[in-house]
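Keep the sequence and the 3D view open while reading.

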Amino acid sequence: ALLAALEARGLRAALLAWWRPRLCRIAAWVAATEIARRADAPPEAIAAEVEGRLVLPGPAGDFLLVARADRIERRRDGFLAILDYKTGAPPAAADVRTGHAPQLTLEAAMASAGSFGPGLAGEAAELAYWHMTGATPAGTAHAPLEPDQIAAATAMVRDNLIDRIAAFDDPHQPYLAAPHPGAAPRFSDYAQLARVAEWASAGDETA
C-alpha cells in the first residue's frame, strides 16, 4: 500500500527511486518502534491527524489558535503522549524548554483545555518528535522535555502567547521582520514581505 501510494503521486523516476528505499526503511523503523512501544505500555487510544481549536482572550477580541496534531495517545496511566513526525531536523531541546519552539507545548496546552475533544483532554506526560529520514538510522525518537518539565513549559508558552496577543492587539506595536536576529530562520516569508534584503543593501543614506 505504501509503494502503491507513492507510485500514484506521479513523481518523476529519479525522485521515485530516491524515496522508495527511504520510505521502506522508515516503515520498518516505525513498525519496530510501534511494537516496542505497545509491548511496554499499550495506549488506551491513539488519534492521528486530529485538529483542535482553542480560543484565547485578547484586548481586541478572542484569538483562535488552531492546530493539527500528528498523533495523540491516551496512555493507560491517564496522561497523554503527543508525538510529531519530522522529516527535517526537529527543534533543539533548549528551544523547546525556552519556548522558542512551542509547537508541542502549545498542543499540550490545547489538550489540557480539551481542544482536541473530550476523549483526548488531559495533561501530557510525554512530548516527542519522531525524526524519520530513511537514512542510517532510518528514524529516531527525541523527547525534548522530561515528564516533570512539561506542565511548567506548557503553562509558560500559553502565557507567552496570551502576552503576545495582547502586545499585537496594540496598534502601536511594530511588526519586526527579525525581532531576534540570532534565531531568525534562513528563509522568512515575512522578511521578504518587509523587503529586508532591499533595505539592508541600501546602506545608510543619511550620511
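## Cavity, helix and strands

The largest cavity has a lining of Ala108, Glu123, Ala124, Ile150, Ala151 and Thr154. A cavity here is a set of points, on a 1 Å grid over the protein atoms alone, where a 1.4 Å probe fits but cannot get out; lining residues have an atom within 4 Å of a point. This is a predicted model, in which local features need pLDDT of at least 70 and side-chain atom pairs count only at pLDDT 80 or more, while totals for chains, interfaces and linings use all residues. Residues are numbered from 1 along each chain as its sequence is written, and side-chain values use heavy atoms, with hydrogens and water left out.

The lining divides into four nonpolar residues, one polar and one charged. Nonpolar means Ala, Val, Leu, Ile, Met, Phe, Trp, Tyr, Cys and Pro; charged means Asp, Glu, Lys and Arg; the others, Gly among them, are polar. Helix α5 (residues 147–169) gives the most to this lining, with three residues. About 30 Å³ of space lies in the largest cavity. Volume is the space filled by probe spheres set on the grid points, which are joined across faces, edges and corners.

Helices (H or I, at least four residues) and strands (E, at least two) are DSSP runs, numbered from the N terminus. Helix α2 covers residues 13–40, and Glu34 is found there. Glu34 is buried, with a relative accessible area of 14%. Buried means under 20% relative accessible area (1.4 Å probe, protein chains only). Leaving aside neighbours within four places in sequence, Glu34 is in contact with Arg71 and Trp130. Contact means heavy atoms within 4.5 Å. Other buried residues of α2 include Leu16, Trp29 and Arg37. The buried residues of α2 pack against α1 (2–8), β2, β3, β4 and β5 (139–142).

Strand β3 (residues 80–86) is mostly covered, with five of its seven residues buried. Its pairings are listed below; two strands pair if DSSP finds at least two bridges between them.

The hairpin of β2 and β3 has five residues between the strands. Within this hairpin, Gly78 takes a positive phi near 95 degrees.

Notes
Buried means under 20% relative accessible area, exposed over 50%, partly exposed in between (1.4 Å probe, protein chains only). On a 1 Å grid over the protein atoms alone, a cavity is a set of points where a 1.4 Å probe fits but cannot get out, and a pocket is an open set with protein on both sides within 12 Å along at least five of seven lines; lining residues have an atom within 4 Å of a point.
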